[in-house]
Amino acid sequence: MPSLEQIRATFAADRFATDAAGCEIRLAEPGHAICAMKLQPHHRNAAGTPQGGAIFTLADFAFAVAVNAFAENVTVSLQHDITFLSPAKGSEVLAEATCVRAGRSTCFYTVTVTDDLGATVANMTVNGFRTQKKIS
């Protein structure tokens, strides 16, 4: 079973999420992950609030960690549905991904995004598909 540092090293290859967006893994367990992103000026839209794309990136990254960190084969997303509930007002956003159901080839996850002030920013559901590609 990989350590948190090994998981972080593996997911460092997800350069858009880790380098460009600044997502970091706080917790990784089979079927569960918590990831965070410190809000920076480049995350904000013209209205001054965190852009939906930045929030989506964090939520998608949390799903990827939860579903793939302990897997043998890569799972990719088939469909995402995200509902933005309120703008993040804190200095950091957190995404918690949880497996609801995992079958032989498909899975269903929920991801809740909150800010560090306790507001629920977004809820996302994800359907995933397990590929034949091995995780390297």
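## Overview

Of the 136 residues in the chain, 37% are buried, where buried means under 20% relative accessible area, exposed means over 50%, and partly exposed lies in between (1.4 Å probe, protein chains only). The structure is a predicted model, in which local features need pLDDT of at least 70, side-chain atom pairs count only at pLDDT 80 or more, and totals for chains, interfaces and linings use all residues. Residues are numbered from 1 along each chain as its sequence is written, and side-chain values use heavy atoms, with hydrogens and water left out.

## Fold and dimensions

Three helices and six strands make up the secondary structure of the chain. Helices (H or I, at least four residues) and strands (E, at least two) are DSSP runs, numbered from the N terminus. Read from that end, their order is α-α-β-β-α-β-β-β-β.

The C-alpha trace spans about 45 × 25 × 20 Å along its principal axes. The radius of gyration of the chain is 14 Å, which agrees with the value near 14 Å for a compact globule of 136 residues; this radius is taken over C-alpha atoms, and the globule rule is 2.2 Å times the number of residues to the power 0.38. Contact means heavy atoms within 4.5 Å. Among contacts between residues at least 6 apart in sequence, 63% join residues at least 24 apart.

## Surface and charge

The chain has an accessible surface of about 7,200 Å², and carbon and sulfur atoms account for 54% of that area. Accessible areas come from the Shrake-Rupley method with a 1.4 Å probe; for residues, only the protein chains shown count as cover.

There are 11 positive and 12 negative charges, and their mean positions lie 6 Å apart. Lys and Arg count as positive and Asp and Glu as negative, while His and the chain ends are not counted. Each charge is placed at NZ of Lys, CZ of Arg, CG of Asp or CD of Glu.

## Thr57 in helix α3

Thr57 belongs to helix α3, residues 52–68. Thr57 counts as buried because its relative accessibility is 13%. A polar atom of the Thr57 side chain lies 2.8 Å from the backbone oxygen of Gly53. Leaving aside neighbours within four places in sequence, Thr57 is in contact with Phe16, Ala17, Ala21 and Cys23.

Ala69 lies in the loop between α3 and β3 (73–84). With a relative accessible area of 11%, Ala69 is buried. Beyond its neighbours within four places in sequence, Ala69 is in contact with Pro2, Ile7, Phe11 and Ala64. The C-alpha atoms of Ala69 and Ala28 are separated by 7.1 Å, although these residues are 41 apart along the chain.

Conventions
A polar contact is a pair of N or O atoms within 3.5 Å; within protein, one must be able to donate a hydrogen and the other to accept it, and residues adjacent in sequence count only if both atoms are side-chain atoms.
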